[in-house]
Amino acid sequence: MAATELRGVVGPGPAAIAAPGGGGTGPPVVGGGGGRGDAGSGSGVASGTVTATTTGGPSPGAGGVASTGPAPAPPAGGSGAGGSGSGSGSAREGWLFKWTNYIKGYQRRWFVLSNGLLSYYRSKAEMRHTCRGTINLATANITVEDSCNFIISNGGAQTYHLKASSEVERQRWVTALELAKAKAVKMLAESDESGDEESVSQTDKTELQNTLRTLSSKVEDLSTCNDLIAKHGTALQRSLSELESLKLPAESNEKIKQVNERATLFRITSNAMINACRDFLMLAQTHSKKWQKSLQYERDQRIRLEETLEQLAKQHNHLERAFRGATVLPANTPGSAGSGKDQCCPSKGDMSDEDDENEFFDAPEIITMPENLGHKRTGSNISGASSDISLDEQYKHQLEETKKEKRTRIPYKPNYSLNLWSIMKNCIGKELSKIPMPVNFNEPLSMLQRLTEDLEYHELLDRAAKCENSLEQLCYVAAFTVSSYSTTVFRTSKPFNPLLGETFELDRLEENGYRSLCEQVSHHPPAAAHHAESKNGWTLRQEIKITSKFRGKYLSIMPLGTIHCIFHATGHHYTWKKVTTTVHNIIVGKLWIDQSGEIDIINHKTGDKCNLKFVPYSYFSRDVARKVTGEVTDPSGKLHFALLGTWDEKMDCFKVQPAPGENGGDARQRGHETEESRVMLWKRNPLPKNAENMYYFSELALTLNAWEGGTAPTDSRLRPDQRLMENGRWDEANAEKQRLEEKQRLSRKKREAEALKATEDGTPHDPYKALWFERKKDPVTKELTHIYRGEYWECKEKQDWTSCPDIF
């Protein structure tokens, strides 16, 4: 293809595409790239195509492309004549063609001009619920390109390249737009004048007039007082002067002179005060109208914002209903991780807002909606439980199961409609730190219980404790590290934030040989300490602090802290840190979770090391989703084992045996291909039946919040808002959550007041200390961390909980 042909195809903007009708040379291409020559009668090839050929001489538009064939015509149906729009109250409305992108070219859109705003929709019917874009003509420039094309731009933020069906139709639109722009500019100028009182309500006017009347009255009183002060001051000075003329002792004359000077200063000061009051009144009268207009403008902006948010909420509800009828891949089907790339990850980003009707269906629905939910909503947005039996019956059945064996189900998650508008409306004008987040975003587990879920595959540590080879042991520790992320793949709800001093115990000494204890040891920043010990020969401890950053479309959660695993028989001490968790599609689309980063597991006794790489998801990658690779090396750096798998499904181990004369890379690859050396270290357990109705809890997670007798009064199982939510009583849970958070705030203020008082008195004051953990320097990592101090299980055996704080 010749150079001119290439420029015609990949020109810098839509103006490079020939428009129907007209002839001769065209104006320069908007955005650069030379001019354009248009020719033809306006009929022929479809819109969005480019016909360009090389010629022997220069093109009609300097440096541009000459169109020698028929120019593109609008799609069938034409642009349609723009009507007056009297039915809808608009100045003008009708069909125009709007440039979208180089793939689709010009697309037919319904435009509405009203009140100085030009809005467009995909169809006339769409005016009821979805506006695709709006541009304010008061700040816009209208440029005519040729017989049918024109451009509307507001300085770069928004630019509409439009095309009418004919020159007459284009001129009608341009005339209407120019008139609307002139009117909008005039209204904007009038609204900027300080004397404009049209936006001020009658009540505000009355209040303003009363205030000014009161000020005037007070200033008049001050003026009267000033006149009296001046009058009496003059008389006083006259009397003093008469006293000076009398023959009095020299000492008396000095006193009289001093009094005279003070009287003069008093009169000058009072005059200055009166002048200042008069200036204040004049200033208030001058600027009060501007202040009132600014206040009214802010009020109008707030009302407009509330209306916009309400409209967004309605559109969101409309999309939710549309999702139920859309054909999408089930991203939450257990056991189908092999196609995880298609399940949880979005498709390629939208080309523009002009994609096909399925542009909003690139991911499954964000919220589970009840099948029978219509426009009717109750006060609490409850549509009823999805289970066939009542919540009370479910909870009763749950308690009966708990007495006999570990429970295998919890009350089904109610089909609550998450009304975003009801939440966003309460956020307007408030500090974000004071907005209570509803339990609608939560799952009925606390962060301490989620931390305990790391032990779901504790048998990996049991097998590692039996290994005689430290490198093989490291492979199982690595598999255990990866397995702790498998419970997060479908769990997009957040756990409850623990209260300061809250604890959670898990005693599985008889069944599985281990027991675990967690405690919330800090509230700002939030930090939890965890200690687990097993009679099979290992101890696991960690202190995790959570930091997060909201980055627009996704939320990054970065756990800080070191995890320790010690094996009693050999004394091998392993440490590692967690990777970053990312929650995608925070604003729009189906929430999905990804893990990314590297983990270095170090054996501090032998120097062995395992490097795990969590590969972040990429739309352009052909690799398997959620991939994890690892290498186990000895202190000299020699590779012994290669690990391969996914963090949501399984991990395999390959023994690497380098052949003589080959480099490590070739040997490593051959080890991967040798199936005889493959050992499956870990495989994810299947989710329980109907897990999608139970927050995608695993078998262990289902048992964590089951009621148990004899636990500490600070145990998460006894947290009332969490229990109410599990039982489906979300409105009561929200009220209880707010009460607990307020109680915690009062406790913190009390501690701060005591610390302040102790500082002022000079008496020693101990800061908050955890009950079951002690903050000290770790002997291995040299970090300050909370280490279990003991006594919890002894206190439980004696049922002595006198030292526990009252947090619930």
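**Surface and backbone features of a predicted model**

Visitor: Is Val588 buried or exposed?
Guide: Val588 is exposed, with a relative accessible area of 60%. Please note that this is a predicted model.

Visitor: Where is Val588 found?
Guide: Val588 sits in the loop between strand E19 (580–584) and strand E20 (592–603).

Visitor: Changing topic to the backbone: which peptide bond is cis?
Guide: The bond from His524 to Pro525 is cis, and its omega is near -5 degrees.

Visitor: And where does Pro525 lie?
Guide: Pro525 is in the loop between strand E13 (514–522) and strand E14 (527–534).

Visitor: What about Tyr695, what is its phi?
Guide: Tyr695 has a positive phi of about 60 degrees, although this residue is not a glycine. Tyr695 belongs to the loop between strand E25 (678–683) and helix H12 (699–704).

Visitor: Is Tyr695 buried or exposed?
Guide: Tyr695 is buried, because its relative accessible area is 6% and the cut-off for buried is under 20%.

Visitor: Now Lys782: what is its phi, and where is it found?
Guide: Lys782, which is not a glycine, has a positive phi of about 65 degrees. Lys782 is found in the loop between strand E26 (773–777) and strand E27 (784–788).

Visitor: Is Lys782 buried or exposed?
Guide: Lys782 is exposed, with a relative accessible area of 56%, whereas Tyr695 is buried.

Note on methods
Residues are numbered from 1 along each chain as its sequence is written. This is a predicted model: local features need pLDDT of at least 70, side-chain atom pairs count only at pLDDT 80 or more; totals for chains, interfaces and linings use all residues. Side-chain values use heavy atoms; hydrogens and water are left out. Helices (H or I, at least four residues) and strands (E, at least two) are DSSP runs, numbered from the N terminus. Buried means under 20% relative accessible area, exposed over 50%, partly exposed in between (1.4 Å probe, protein chains only).
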